[in-house]
Amino acid sequence: MNYKKWYGFVILAALFLSGCDNQNKDSQSTTKQKIIIGTSGSPSPFTTVDEKGELVGYDIDVVKAIFSELPQYEISFEVTEFSSVLAGLDSQRYQVGANNYAMNEKRKEKYFYSDPIFKNQYVIAVAKSNNDINRFSDLQGKSTEVTPGLNYATALETYNEQNPNNPVKIVYSEADLLPVLQHVESGQYDFQLIDNVMLSQYINEHKLNLKTIELSQEDGDRIGSPFSYLLISKGASGERLTQDINQGIQKIINNGKLTAISQHYFGADYSPK
């Protein structure tokens, strides 16, 4: 092989190898990190499985909107029991939990919280005929049905620790919200702590004979800040994922997507500003 042919061969080989290397880099750069979001599919309208068997809801649409701004991730959802969402975050089976989560100091020790995705107000739901409950302190000795681990349950458990002589009668249940509210309507239980917007929607949709007792700022603080969040597993990439999710939240606030989702589900803007 003469010198010119040999030199040309070397150049072609180098270009070929360089092209392969660039293709490998491009392939690596387009590899997306898979994220599994756990949810219980309840309560509606934050997360629910509709009559077609499809997962829908405010939290679900918000998560989709957030990750549409984060092309480096590929997401999927898994419906499970409420308590299993948290267990899945503990084991890192799930990287994100979407279930209308409020701020909870105990949970903050175990999970990362995203920036707020929803702003609301806590209220007490009672039967229209109930005139015994007008404020949080009137809940002493009264009965309620709650899902273990919810911020409402935690608030009542703390209240009972502080008022052991006449505690709230707490019955733990995994029932959906509609039968829980119907139990209050029928008088089986005395009250339910709940988000104001959710209560209004259920009263309107299901014609429930319930009334709303607004909480003072002090009593509202017993339950927590009036926001809901996404939970992120404290796995190896949890901190990076939280930062990216927060960037996505800010983007959908700025471009109006979060407001549009809120308007769709609630007819009003409950997006944090």
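Predicted model: local features only at pLDDT ≥ 70, side-chain atom pairs only at ≥ 80, totals over all residues.
View 1. Strand β8 (residues 122-127) is joined to β12 by five bridges, and Val126 stands opposite Lys211 of β12.

**View 2. Helices α6 and α7 cross at roughly 80°.** Helix α6 comprises residues 177-186 and helix α7 residues 196-206; their axes come within 11 Å. On the α6 side, the contact is made by Leu177, Leu178 and Leu181. The α7 side contributes Met198, Leu199, Tyr202 and His206. By class, the residues of the contact of α6 with α7 are six nonpolar and one polar, with no charged residue.

**View 3. Asn120 occupies the loop between β7 (118-119) and β8.** Is Asn120 buried or exposed? Its relative accessibility is 12%, so Asn120 counts as buried, the cut-off being under 20%. When neighbours within four places in sequence are left aside, Asn120 is in contact with Asp195, Asn196, Val197, Pro226 and Tyr270.

**View 4. Strands β9 and β10 pair in the parallel sense.** Strand β9 covers residues 143-146, and strand β10 covers residues 169-172. Four bridges connect β9 and β10. The chain passes from β9 through helix α5 (residues 151-162) to β10 in a right-handed β-α-β crossover. Within the pairing, Thr144 has Ile170 of β10 as its bridge partner. Ser143 and Glu145 point one way from β9, whereas Thr144 and Val146 point the other way. All four of these β9 residues, Ser143, Thr144, Glu145 and Val146, are buried.

**View 5. Helix α2 is largely enclosed by the rest of the structure.** Why is helix α2 (residues 58-68) described as largely enclosed? Eight of its 11 residues are buried. The buried positions in α2 are Tyr58, Asp59, Ile60, Val62, Val63, Ala65, Ile66 and Phe67.

**View 6. Helix α2 packs against helix α9 (residues 238-254) at an angle of about 100°.** Two packed helices are described by the angle between their axes and the distance between the axes. For α2 and α9, the axes are 8 Å apart. The angle makes α2 roughly perpendicular to α9. Val62, Ala65, Ile66 and Phe67 of α2 meet Leu241, Ile245, Gly248, Ile249 and Ile252 of α9. This contact of α2 with α9 has eight nonpolar residues, one polar residue and no charged residues. Val62, Ala65, Ile66 and Phe67 are also among the buried residues of α2.

**View 7. The protein as a whole contains 10 helices and 13 strands.** This view provides the setting for the close-ups. Of the 273 residues of the protein, 44% count as buried. Among contacts between residues at least 6 apart in sequence, 74% join residues at least 24 apart.

Technical notes
Residues numbered from 1 in each chain as written. Heavy atoms only, no water. Buried < 20%, exposed > 50% of the residue type's maximum accessible area, 1.4 Å probe, protein only. Helix = DSSP H or I, 4+ residues; strand = E, 2+ residues; numbered from the N terminus. Pairing = 2+ DSSP bridges. Right-handed = clockwise from strand over helix to strand, strands pointing away. Axes fitted to C-alpha atoms, helices over the stretch in contact; angles between N-to-C directions. Contact = heavy atoms within 4.5 Å. Nonpolar A, V, L, I, M, F, W, Y, C, P; charged D, E, K, R; others polar. Parallel < 35°, antiparallel > 145°, perpendicular 65-115°, else oblique.
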